[in-house]
Amino acid sequence: EAVRQDGCALEYTAEPLTADRELVLEAVRQYGGALEWAADPLKAARELVLEAVRQNWWALQWAAKPLKADRELVLEAVRLNGCALCFAADTLKADRELVLEAVRQNWWALQWAAKPLKADREL
């Protein structure tokens, strides 16, 4: 019941519940940052992480490492806030199109772009 009221309640649930896909999905739909308290296997579940990121771009920081290299997922996050680029894998920080999208959304994202892109006049 607590998680239904507020996704942040996931922080205080017992460990078996943090691995319950449906419960965690409900939590991240309310508060994307609840991904922080999800069991590690769920942090690698693409659809669940995508739901979290759609609710709150900041949730990308708690995604499993391979998902931080998932171009579509990261693109979704930077479209919400370009600063999500800070949580992206290095390969994506060097992806010109993705970085341009991030900078268009928030110029501050330029600080996380790969060094060669920082010399790109269009960025």
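## Buried ends of the chain

A residue counts as buried when its relative accessible area is under 20%. In this predicted model, Leu-123 has a relative accessibility of 16%, so Leu-123 counts as buried. Leu-123 lies in the segment that follows α9 (115-118). Leaving aside residues up to four places away in sequence, Leu-123 touches Val-99, Leu-100, Val-103, Leu-110 and Leu-117. Leu-123 and Val-49 are 74 residues apart in sequence, and their C-alpha atoms are 28 Å apart in space.

Ala-9 is placed in the loop between α1 (2-5) and α2 (15-18). The relative accessibility of Ala-9 is 16%, and Ala-9 therefore counts as buried. With residues up to four places away in sequence not counted, Ala-9 touches Ala-2 and Val-3. A distance of 46 Å separates the C-alpha atoms of Ala-9 and Arg-121, which are 112 residues apart along the chain.

## The chain as a whole

The chain has nine helices and zero strands. Read from the N terminus, the order of elements is α-α-α-α-α-α-α-α-α. Taken along the principal axes, the C-alpha atoms fill a box of roughly 50 × 25 × 20 Å.

The chain has 123 residues, and 48% of them are buried. Among contacts between residues at least 6 apart in sequence, 39% join residues at least 24 apart.

## Helix α5 and its neighbours

Which residues of α5 are buried? They are Leu-48, Val-49, Leu-50, Ala-52 and Val-53. The buried residues of α5 pack against α3, α4 (40-43) and α6.

## Packing of α3 with α5

Two packed helices are described by the angle between their axes and the distance between the axes. Helix α3 covers residues 21-30, and its axis comes within 7 Å of the axis of α5, crossing at roughly 20°. Angles under 35 degrees count as roughly parallel, and α3 and α5 are therefore roughly parallel to each other. The crossing of α3 past α5 is left-handed.

On the α3 side, the residues in this contact are Arg-21, Val-24, Leu-25, Val-28, Arg-29 and Gln-30; on the α5 side they are Glu-47, Leu-48, Glu-51, Ala-52 and Gln-55. Sorted by class, the contact of α3 with α5 holds five nonpolar, two polar and four charged residues. Leu-48 and Ala-52, which belong to this contact, are among the buried residues of α5.

## Packing of α5 with α6

Helix α5 (residues 46-55) and helix α6 (residues 71-80) pack with their axes 9 Å apart, at an angle of about 10°. The two helices are therefore roughly parallel to each other.

From α5, the contact takes in Arg-46, Val-49, Leu-50, Val-53 and Arg-54, which meet Glu-72, Leu-73, Glu-76, Ala-77 and Leu-80 of α6. By class, the contact of α5 with α6 has six nonpolar and four charged residues, and no polar ones. Val-49, Leu-50 and Val-53, which take part in this contact, are also among the buried residues of α5.

## Packing of α6 with α8

Helix α8 spans residues 96-105, and the axes of α6 and α8 come within 8 Å and cross at roughly 20°. The helices α6 and α8 are therefore roughly parallel to each other. α6 passes α8 in a left-handed crossing.

In this contact, Arg-71, Val-74, Leu-75, Val-78, Arg-79 and Leu-80 of α6 meet Glu-97, Leu-98, Glu-101, Ala-102 and Gln-105 of α8. The class count for α6 with α8 is six nonpolar, one polar and four charged residues. Leu-80 of α6 meets residues of α8, and Leu-80 is also part of the contact between α5 and α6.

## Cysteines

A disulfide is a covalent bond between the sulfur atoms of two cysteines. The structure holds zero disulfides. Cys-8 is in no disulfide, and the nearest cysteine sulfur, that of Cys-86, is 19 Å away. Cys-8 is partly exposed, with a relative accessible area of 29%.

Cys-83 has a relative accessibility of 10% and so counts as buried.

Note on methods: Residues numbered from 1 in each chain as written. Predicted model: local features only at pLDDT ≥ 70, side-chain atom pairs only at ≥ 80, totals over all residues. Heavy atoms only, no water. Helix = DSSP H or I, 4+ residues; strand = E, 2+ residues; numbered from the N terminus. Buried < 20%, exposed > 50% of the residue type's maximum accessible area, 1.4 Å probe, protein only. Contact = heavy atoms within 4.5 Å. Axes fitted to C-alpha atoms, helices over the stretch in contact; angles between N-to-C directions. Parallel < 35°, antiparallel > 145°, perpendicular 65-115°, else oblique. Nonpolar A, V, L, I, M, F, W, Y, C, P; charged D, E, K, R; others polar. Left-handed = near helix turned anticlockwise from the far one by under 90°. Disulfide = S-S within 2.5 Å.
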